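Please read these notes with the model open beside you. They take the points one at a time.

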Amino acid sequence: MSLSPHTTPSGFLLPSIHAAPPFFTQQPNPATQAIVTEQWSRLILSYARHRQLFTVRVEDAEVTGAYILEQMAAKNQLVYDPPKQSRSALLYWRTPEEWAEVLHEWASTTGQLNTILTFYEIIEPPVPSPLSGIPMQILRKAIHILTKTNRAQIIAVADGEGVRFLPGNAGK
Amino acid sequence: MHRLGGVGLAAFDRQQLSQRSFAELSSELSQAQVDLLHAQLDQFRTALVRFASTHRDSIRRDPNFRHAFQQMCAKIGVDPLAGPRKGGWWAEILNLGDWQYELGVQIVDVCVSTRERNGGLIEMGELVRLVSKLRGVAGGVIAEDDVIRSIKTLKPLGAGYEVIDVGSGKKMVRSVPMQLDEDQAVVLAIANQEGGRVSEQLLVSRKAWMPERAKAALENMLLRDGLCWLDDQDEVNGVAYWVPSAMHWDE
């Protein structure tokens with residue numbers, strides 16, 4: 001019996017460890033469990049990135065789901081959303097800082113600097129972008145990071161929230 | 001009729017004299033033999049050195065030739081690992097010191113990098129495969145023999161590198177100082193036969209162990225030594241133990 005990598009229908013390559021039955025059991029040996037957690041974290045994040053998925057729920061995972069999500073939260077690889085519960089979380093397969101850069105880059109290359117954009121226009125742009133479908137909470141965090149380097153201003157608009165992106169680099 | 005040599009004190013003296021002569025003669029003989037032996041050994045050594053240098057490249061490149069050379073040395077009582085220089089003959093005469101050293105480093109490399117997954121115990125076939133991968137095509141072919149010999153030279157490191165025979169021709173390499181008791185060796189042997197999976201029931205039925213003994217051995221491997229992983233959703237037995245070093249991984 002050979003354990004091999006396996007490609008999912010969406011073209012994601014599952015590592016061979018995913019074919020090993022004990023991978024789905026919580027390990028009593030802490031050192032072993034640490035490895036299992038590490039492997040699962042990596043797998044979850046890269047799969048989410050591949051499918052552009054943001055939300056993970058404990059119910060979707062196997063038995064060890066809650067524990068692994070806990071560990072990932074502790075390492076800031078995800079954040080529980082809504083806060084103060086631990087059944088559902090947003091995955092940071094890009095960190096908020098990385099999202100900030102992607103956001104500013106997108107605004108810049110699509111010629112939308114110095115224009116007022118609503119949050120909605122960013123999340124559901126007419127032309128699909130790296131920001132398409134981004135959860136509100138992550139968008140807000142990314143914008144907040146940009147305001148710290150004067151590359152974004154929050155503007156109040158008629159119905160909703162808006163933002164104006166300004167030129168600049170992360171270094172400033 | 002006279003006794004040859006006479007009787008009495010004179011005879012006694014004569015006996016002592018002849019004894020001394022015989023003794024001298026025997027030590028003379030031994031010296032001659034020893035001298036001859038020395039000469040022969042020198043000649044032999046020269047021939048061996050010449051053979052080794054002529055065939056150094058073949059030894060370096062071909063594991064079968066390497067193996068045959070090793071066998072030849074063993075037959076005539078030459079231990080290629082012994083000698084003043086580290087690595088013995090291989091280093092001193094064959095100038096394979098670097099080659100040997102490099103192989104040792106690669107073995108340690110593979111063992112350390114797979115240690116997290118298998119707890120410091122790796123199956124020989126997998127070790128050879130991964131070392132070969134590390135060496136690439138330019139490294140030449142490496143055989144199990146070479147690895148075993150190299151591990152012998154790693155012994156002074158005191159890191160616990162050792163080759164363990166688990167029966168049916170399978171060998172494993174241990175790279176952490178760990179007490180592998182007999183029961184664990186049995187578990188490992190079964191794991192190797194079953195593609196990595198062991199269970200209490202399997203040990204009871206195959207080895208006629210008491211359930212308590214099976215459980216103790218498995219729990220030790222799991223909790224104390226980190227040598228196996230738990231599967232509590234096993235379809236056959238409910239609970240099974242998987243030994244990563246005995247599983248076949250297609251990387």
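1. Start with confidence. Chain B has a mean pLDDT of 80, and 81% of its residues reach 70 or more. Here pLDDT is the predictor's confidence in each residue, from 0 to 100. For the complex, the predictor gives an ipTM of 0.79 and a pTM of 0.67.

2. Know the ground rules. This is a predicted model, where local features need pLDDT of at least 70, side-chain atom pairs count only at pLDDT 80 or more, and totals for chains, interfaces and linings use all residues. Residues are numbered from 1 along each chain as its sequence is written, chains are lettered from A and ligands numbered from 1 in the order in which they are written, and side-chain values use heavy atoms, with hydrogens and water left out.

3. Compare the elements of chain B. Helix 4 (residues 88-92) of chain B has the lowest mean pLDDT, 62. Strand 4 (residues 197-198) of chain B has the highest, 95. Helices (H or I, at least four residues) and strands (E, at least two) are DSSP runs, numbered from the N terminus.

4. Look at the hairpin. Strand 5 (residues 229-234) of chain B and strand 6 (residues 238-242) of chain B run antiparallel, joined by four bridges. Two strands pair if DSSP finds at least two bridges between them. Three residues lie between these strands in the hairpin. B:Leu230 has B:Tyr241, in strand 6 of chain B, as its bridge partner.

5. Check one side chain. B:Leu37 sits in helix 1 of chain B. Why is B:Leu37 counted as partly exposed? Because its relative accessibility is 48%; buried means under 20% relative accessible area, exposed over 50%, and partly exposed in between (1.4 Å probe, protein chains only).
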